[in-house]
Amino acid sequence: MGFADYRVALVTGASSGIGAATVRRLRAEGLEVHAMARDADRLAELATATGCVPHALDVRSTAEIAKLAGSIEVDVLVNNAGQSRQGDVLSNSADDVDQLIDVNLRAILHLTRLFVPGMVARNRGHIVTITSIAGHYAFPGGNTVYHATKAGVHSLSQQLRVHLYGSHVRVTEISPARVETEV
């Protein structure tokens, strides 16, 4: 399956960096793109520049994601939203730990739970998740919680491939090393 087989995409973390570049590329390929991020102003600028459909919401809000899932059918789900912190599990606050887990892992689980069943029912789709090399390797200076969440998403991607085997729903995990973004 190529771009021509897909009509609608959802990109999280779409207001800057990899997410915004992904929105631009998918729009250039002719897909209707729903761009999700917290920054309404940046999303409005992106929508003006690309024609994407902006959704200013937080991936941590399961209720908002469920509402969106009830209103659109998605062929391509790009899980790009992510956060990091300085320090590690020994020095991060409880709120830091919770936010990293909520954004980097929990949100992806809920997005998958809410959008992928429709892909399976239509027997077409592509789940693309931007993780990190930190989910595969430990290295000095890395935030322990960040590494753990990215490893969880790596495991999720592997298991989804097994679970969806035989269907026309693809699973792609992209694990960049350091990328110059706001994160």
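Start by selecting Thr 62, Ile 65, Leu 68 and Ala 69: these are the buried residues of helix α3, where buried means under 20% relative accessible area, exposed over 50% and partly exposed in between (1.4 Å probe, protein chains only). Look down the axis of α3 and these residues fall within an arc of 125°, so they line one face of the helix; the arc is taken from the directions from the helix axis to the C-beta atoms. Now colour Ala 63 and Lys 67, which are exposed on the other side of α3. To see what covers the buried residues, show β1 (8–12), β2 (32–37), β3 and α4 (94–122), which are among the covering elements.

A word on what is on screen: this is a predicted model, in which local features need pLDDT of at least 70 and side-chain atom pairs count only at pLDDT 80 or more, while totals for chains, interfaces and linings use all residues. Residues are numbered from 1 along each chain as its sequence is written, and side-chain values use heavy atoms, with hydrogens and water left out.

Step back to Asp 58, in the loop between β3 (53–56) and α3 (62–69). Is Asp 58 buried or exposed? It counts as buried, because its relative accessibility is 18%. Show side chains here and you'll find a polar contact of 2.6 Å between Asp 58 and Arg 60. (A polar contact is a pair of N or O atoms within 3.5 Å; within protein, one must be able to donate a hydrogen and the other to accept it, and residues adjacent in sequence count only if both atoms are side-chain atoms.) Leaving aside neighbours within four places in sequence, Asp 58 also touches Arg 38 and Glu 64, contact meaning heavy atoms within 4.5 Å.

**The sheet**

Zoom out to the whole chain, with its 5 helices and 6 strands. Helices (H or I, at least four residues) and strands (E, at least two) are DSSP runs, numbered from the N terminus. Select the strands and you get an open sheet in the order β3-β2-β1-β4-β5-β6, with parallel pairing; two strands pair if DSSP finds at least two bridges between them. The edges are β3 and β6 (169–174), each pairing on one side only. On average, neighbouring strands are turned by 15° against each other, direction ignored.

Pick Ile 130 and its bridge partner, Ile 174 in β6. Next, helix α5 (residues 144–163) packs on the sheet, touching β5 and β6, and its direction makes about 155° with that of β6. Angles run from 0 to 180 degrees between N-to-C directions, and axes are lines fitted to C-alpha atoms, for helices over the stretch in contact. Over by β3, helix α2 (residues 40–50) lies across β2 and β3, at about 175° to β3.

**Two helices side by side**

Select α4 and α5, which pack at an angle of about 10° with their axes 9 Å apart. They are therefore roughly parallel to each other, the label for angles under 35 degrees. Residues making the contact include Leu 100, Ile 101 and Leu 105 of α4, and Val 145, Val 153 and Leu 156 of α5.

**Last stop**

Finish on Thr 144 in α5, which is partly exposed because its relative accessible area is 40%. Draw a C-alpha to C-alpha distance to Asp 88: 5.0 Å in space, although 56 residues apart in sequence.

How values were computed: Parallel < 35°, antiparallel > 145°, perpendicular 65-115°, else oblique.
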